[in-house]
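User: I would like to go through this model with you, one topic at a time. Could you start with a residue from the core?

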Amino acid sequence: MTGEHDIAPARQARIRRPSLAHRTAWGIGRNIAEVLANEELAARQGFLQRIEPRVRLLAVLLFAVTASLLHSPWSLAAMLALAATLAAASQVRVRSFMRKVWGSAGIFVILLAAPAATRLVTPGRVLVSLGALSLTVPGVLGAVTLVLRVVAAAGIALLIVWTMRWNDLLSALSQLRLPDVIVATLAMAQKQIVSLMRTVEQIHLARESRTLSAGTTAENRDWVIGRMAFVVHKSVRTADEVYDAMLARGFDGTMRLLPRDRGRARDWFYLLAALTFCAAMMALDRGALR
Amino acid sequence: MTQPNGGSVDLSRAHAHAADFVLSGVCQQYRPGVPSLVDIDLTIGCGEHLVIAGANGSGKSTLLKLLDGLVFPSAGTLTAFGAPLTEAALEDPVFRREFRSRVGFVFQEADVQLFCSNAFDELAFGPLQLGLPPDEVRERVAEVAHSLRIEKLLDRAPYTLSGGEKKRVAIGSVLTMRPHVLLMDEPTNALDPRSQVWFLEVLDEWKRNGDSVIISTHDLTVAEEIADRMIVLDEGHRVVAEGTPDEVLSQRELLLKVNLIHEHAHRHAGSGRTHTHPHAHM
């Protein structure tokens, strides 16, 4: 009889870094879960979720544009604080929100801005002495401003993704006079992407369930290429079928959608408040610079 | 209304015709030398409940697509409500609108049919494309959602729905068009037992309204439950049997030959149901 001691070394020998295919499928699975979690988050009764989608989209765009025009780190820090406050008021956990913002856009822009903080790129009074790579005051100030600007804008944009359902976003775009055919195409594209991601995940799980060894890199590569071709083929076939389904329900090339409701007075008040806040921030920013 | 071929057709008088569809010597092939339907002669009466049975790949779905004007015969003729159903005829906006408002198609895969951003838009899509005013569209959506008990799903994105919920929304998306003929491709696929019962109840309701239903399936239980008449397609893409469900399902040898039942299947006297008992060969 084979004992546990006989099996353990063999099992240990098989443990190695997951293959590219495995990691891709895992990532796809995580993305699907995120899409579904976002739907749940966006359906909550938070502050932003209660505002009419079109007004919400306009307000968030206004904040993002303002963040990109501000120059003072203090103004930008205030914008980031506003994003965090809006997140909290919209039942988004501030910690997850900040982790997501800093973990994606934050780290990326810090890496990009870091060289600009050194004496090599921005001469000036030395703040931290590190030889040729000494950090200068204007360099650090510039880098911090850039980082805060990107993080504030990204944080506000992330609020759209987290607090607005895809349907609401499409509805808002439609109300903002984006052509119906583009809105419908976006709706179908998103649905198809989720559907195809599910297919890819299932293909991978089906393979995993029938596979004992991880396989060689070449085998994995061949398998991934084969499955990519399958998914492309499936996507083309599905597109044809979806088009047939549209024709069957009377589509003749012109997309007709229901006219949307107009925003309520309260929603427009929020937009006015957002506009006033942004104007005040701009004025303070200019004042701080003088 | 004048057809592109010069003939005059008025589909609004459809009920005056004894038959919804007439197919004479219809053949269809997607690629040369690879037929999907061969020499089909078929008349489908107004208000009739027809089941098209056949194994996978026998041409059931293609036949439904022909009846919905999504593909066209390579040979033979097809008329719908007394008018030729051709690609040229469907180019005419008036004919197309009349035809699409009379014939609804529920696709096999609900995922294909649900392409809008939420269930409400799915239900509203058909009536909107037919040019109905927004208030009437909203009224129809509310009515169908209530009758199918899907009111709570209306603001959900299709990809967040379960298989049974998707099927309900897909059926609802066609019912809002209030078609006279309902085409359904393998409607009970992926339905759990409770949803299957619900589906049969929907069809029963439909039957009472006097409208036509044409269903393709290899589920013989569905045929027994709802069909006035059934036809059987074999793997050579021809109609090999036609009659009442009792007449067709009693032809055991034929059903075996067309791969609709297994040799271990049998019918119970009285209930008339065909089913299979698993057993082991000793």
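Analyst: Leaving aside residues up to four places away in sequence, Met79(A) touches Phe63(A), Thr66(A), Ala67(A), Leu70(A), Ala152(A) and Met281(A). Two residues are in contact if their C-beta atoms, placed from the backbone, lie within 7 Å. This is a predicted model, in which local features need pLDDT of at least 70 and side-chain atom pairs count only at pLDDT 80 or more, while totals for chains, interfaces and linings use all residues. Residues are numbered from 1 along each chain as its sequence is written, and chains are lettered from A and ligands numbered from 1 in the order in which they are written.

User: Which residues touch the most other members of the largest nonpolar core?

Analyst: They are Met79(A), Ala152(A), Leu183(B) and Ile214(B), in a core of 134 residues. Helix H7 (residues 137–163) of chain A supplies the largest share of this core, eleven residues. A nonpolar core here is a set of buried Ala, Val, Leu, Ile, Met, Phe, Trp, Tyr and Cys residues joined through C-beta atoms within 7 Å. A residue is buried if 20 or more other C-beta atoms lie within 10 Å of its own, exposed if 12 or fewer, and partly exposed in between.

User: How many residues does each chain bring to the contact?

Analyst: Chain A brings 26 residues and chain B brings 30 residues. On the side of chain A that touches chain B, the elements giving two or more residues are helix H2 (20–42), helix H8 (166–175), helix H9 (180–209) and helix H10 (217–248). H10(A) gives the most, with eight residues. By class, this side of chain A has 15 nonpolar, four polar and seven charged residues; Ala, Val, Leu, Ile, Met, Phe, Trp, Tyr, Cys and Pro count as nonpolar, Asp, Glu, Lys and Arg as charged, and the others, Gly among them, as polar.

User: Why does Arg264(A) count as exposed?

Analyst: Arg264(A) is exposed because it has 12 other C-beta atoms within 10 Å. Arg264(A) lies in the loop between H10 and helix H11 (265–289) of chain A.

User: Now chain B. What is its secondary structure?

Analyst: Chain B has eleven helices and twelve strands. These are DSSP runs, numbered from the N terminus: helices (H or I) have at least four residues and strands (E) at least two. Of the 282 residues of chain B, 46% count as buried.

User: In what order do the four strands of the open sheet stand?

Analyst: The order is E2-E1-E4-E5 in chain B, with antiparallel pairing; strands pair if DSSP finds at least two bridges between them. Strand E2 (34–45) and strand E5 (83–84) of chain B are at the edges, each with a single partner strand, so one side of each has no neighbour in the sheet. Strand E1 (residues 19–31) of chain B pairs with E2(B) over eight bridges, and Phe21(B) stands opposite Ile44(B) in E2(B).

User: Which helix lies across E1, E2 and strand E4 (75–80) of chain B?

Analyst: That is H1(B), which runs at about 125° to E1(B). The angle, on a scale from 0 to 180 degrees, is between N-to-C directions of axes fitted to C-alpha atoms, for helices over the stretch in contact. In helix H1 (residues 60–67) of chain B, seven of the eight residues are buried, among them Leu63(B), Leu64(B) and Leu67(B). Just after H1(B), Gly69(B) takes a positive phi of about 65°.
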